[in-house]
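Have your viewer open as you read.

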Amino acid sequence: MGTSGGETTGERVAVTDPAAALLRELTADHGPLMFHQSGGCCDGSSPMCYPLGEFRTGASDVHLADLDVGLPEPVPVWMSRSQFELWSHTHLTIDVVPGRGSGFSVEAPTGQRFLIRSRLMSDEEAIRPDTQTTTE
Amino acid sequence: MAIYAPPGEAGSVVQYAPRYDNWIGGEWVKPVKGRYFENPTPITGRTFTEVAQSGADDIELALDAAHGAAPAWGRTSAAERALVLNKIADRMEENLERIAVAESWENGKAVRECLAADIPLAIDHFRYFAGAVRAQEGHSSQIDGDTVAYHFQEPLGVVGQIIPWNFPILMAVWKIAPALAAGNAIVLKPAEQTPASILLLMDVIGDLLPPGVLNVVNGFGVEAGKPLASNPRVRKVAFTGETTTGRLIMQYASENLIPVTLELGGKSPNIFFEDVAAERDAFYDKTLEGFTMFALNQGEVCTCPSRALVQDSIYDGFMADALERVGRIKQGDPLDTDTMMGAQASNDQLEKILSYIDIGRQEGAKVLTGGGRAEMEGDLAGGYYVTPTIFEGQNNMRIFQEEIFGPVVSVARFDDYADAIKIANDTLYGLGSGVWSRNGNTAYRAGRDIQAGRVWVNNYHAYPAHAAFGGYKQSGIGRENHKMMLDHYQQTKNLLVSYSDQAMGFF
């Protein structure tokens, strides 16, 4: 992990500075956190942020990244395997915007909402072995 | 046509209260912690009321009320419950215009949809389940000459329901009507984007129900939704929303060993076979409207026909006509009955749609029309508006695979029948689908071959009660909008009765 352009860049998932700051605030209230990327209706496509372990991941999920947001423990990012097959060519950045959200994501009461921004992975990124994901 | 005055202004047909508490036990109850959150209208971005920001304590109060009411409500006759549902329908009909304008103001949708679809469908839904429960019968099985198994449908007791924001009234009623008809008491949590219109509805109909039978508690998902969904005092949870929350609700339900029904969205294909363009007639005009249905409710529909598949042989001409039709969409003040497309429901929804338009462009999809925020003037400048957008691309692009929940359709060509079905089914979801053809055999075969719970043939976005609605694949579990939903709110009591005087002979 390193920093460039005001973002902490993971290999596959990055987090913007405002999103990282919000994660630090939320960790103070909720303890260590995790993301699971949603799909489908309404607030689908939003990264859902939960207390670590609140959402049970399993063999149907892929562990995409561990975000370093300046906390002792990184924030893991997960996505369902079937959804990842459709997203794997894109690099994701977790950002935050004013909003209401729904679902059980912990940031909703703050009036802010985590949001995924995407860009195509470069050929170089796509072939780099350390972009391989692991399942836990 | 008419332009309704915004609620809160002189001459409006409806006024919101400045603040709403929770509806618990047949009365307004302040949230335990005394907190409220602001509720803005997406039409202008300005706050018009505030709503209880509830927590676990408030959910427990509502569950107390529901458990107090459930035994007596569950023992009422089907005729009594049906009468209540019919009275609710009548009361809503008398107040249709008020409820419609209130819903438009809260959600941002065009009031013409509320007036012509959302609220009339909600009214009919109560009447449908009033009839369905009257006609419901248990059954008996003759095991042998002296032994009979009787099967009775009994209510579950107290159920939890979590409602989405895209049809704040109709989606609530889809869940309320069957649960009440089946004899259950309800604790309902509306979406935090649209918490007030359902409370305005409770103001209209609340006196028709025994106290505690229907309780409405507002708040954020993590603070109020989770204590409801994970509560050991509910016997079933119904949810409409997205996949991650759906899975989380199933996880909570597994801890309590209770059933869930889930409606989790889709990426619905709308297939136009070449014969639709054989004539330039009324049917062809209908197919063009069918294509344009992606813009209904600003695309904020779980069955949005967000993938249009058009046969190669007619592609250029059909798309030229479709573009012309989409160009005639009138976007503007949602309270103007001429307006066809209003505002997206929230700022984060707007941002998400724009982020999808961005990745669509990056992936090389071609924008045929739209592709950005719609800049409005005057009071509407602060609202959340997106232009109707048509992308042309391939089915493996993310804009073809994910539910954008905005007025965005992604169009691809297909060669022949097999190609159409292959593309249509190449998705994680299976909620809705459209098939357009003048050939009954083609339409029937396609309808059966598409892996989706609802296939509209030569129509789209019709939601009559008595037509089952629900998902295949990752789109969910259960069938709403049909009498079979009664089964999801009931459990079977088997009374196994011996009419013999003879001992069994074991002891």
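## Two domains in chain B

The C-alpha centres of domain 1 of chain B and domain 2 of chain B are 31 Å apart. Domain 1 covers 19-264 + 475-493 and domain 2 covers 269-457, with bounds that come from an automatic or database domain assignment. Their contact takes 19 residues from domain 1 of chain B and 25 residues from domain 2 of chain B; two residues are in contact if their C-beta atoms, placed from the backbone, lie within 7 Å. On the side of domain 1 that touches domain 2, helix H3 (96-107) and helix H4 (111-135) of chain B each supply at least two residues. That side divides into six nonpolar, eight polar and five charged residues. Here Ala, Val, Leu, Ile, Met, Phe, Trp, Tyr, Cys and Pro count as nonpolar, Asp, Glu, Lys and Arg as charged, and the others, Gly among them, as polar.

Before going further, please note that this is a predicted model: local features need pLDDT of at least 70, side-chain atom pairs count only at pLDDT 80 or more, and totals for chains, interfaces and linings use all residues. Residues are numbered from 1 along each chain as its sequence is written, while chains are lettered from A and ligands numbered from 1 in the order in which they are written.

## A strand covered on both faces

Helices (H or I, at least four residues) and strands (E, at least two) are DSSP runs, numbered from the N terminus. Strand E12 (residues 260-263) of chain B pairs in the parallel sense with strand E11 (residues 237-240) of chain B over four bridges, and in the antiparallel sense with strand E22 (residues 476-477) of chain B over two bridges; pairing requires at least two DSSP bridges. B:Leu262 stands opposite B:Phe239 and has B:Ile477 as its bridge partner in E22(B).

In a regular strand the side chains alternate between the two faces of the sheet. For E12(B), B:Val260 and B:Leu262 on one side and B:Thr261 and B:Glu263 on the other are all buried, that is, each has 20 or more other C-beta atoms, placed from the backbone, within 10 Å of its own.

## B:Leu428 and the other chain

Is B:Leu428 buried or exposed? B:Leu428 is buried, because 22 other C-beta atoms lie within 10 Å. This residue lies in the loop between helix H13 (417-425) and strand E18 (429-430) of chain B. Leaving aside neighbours within four places in sequence, its contacts include A:Gly39, A:Ser82 and B:Lys473.

Methods:
Buried ≥ 20, exposed ≤ 12 C-beta atoms within 10 Å, placed from the backbone.
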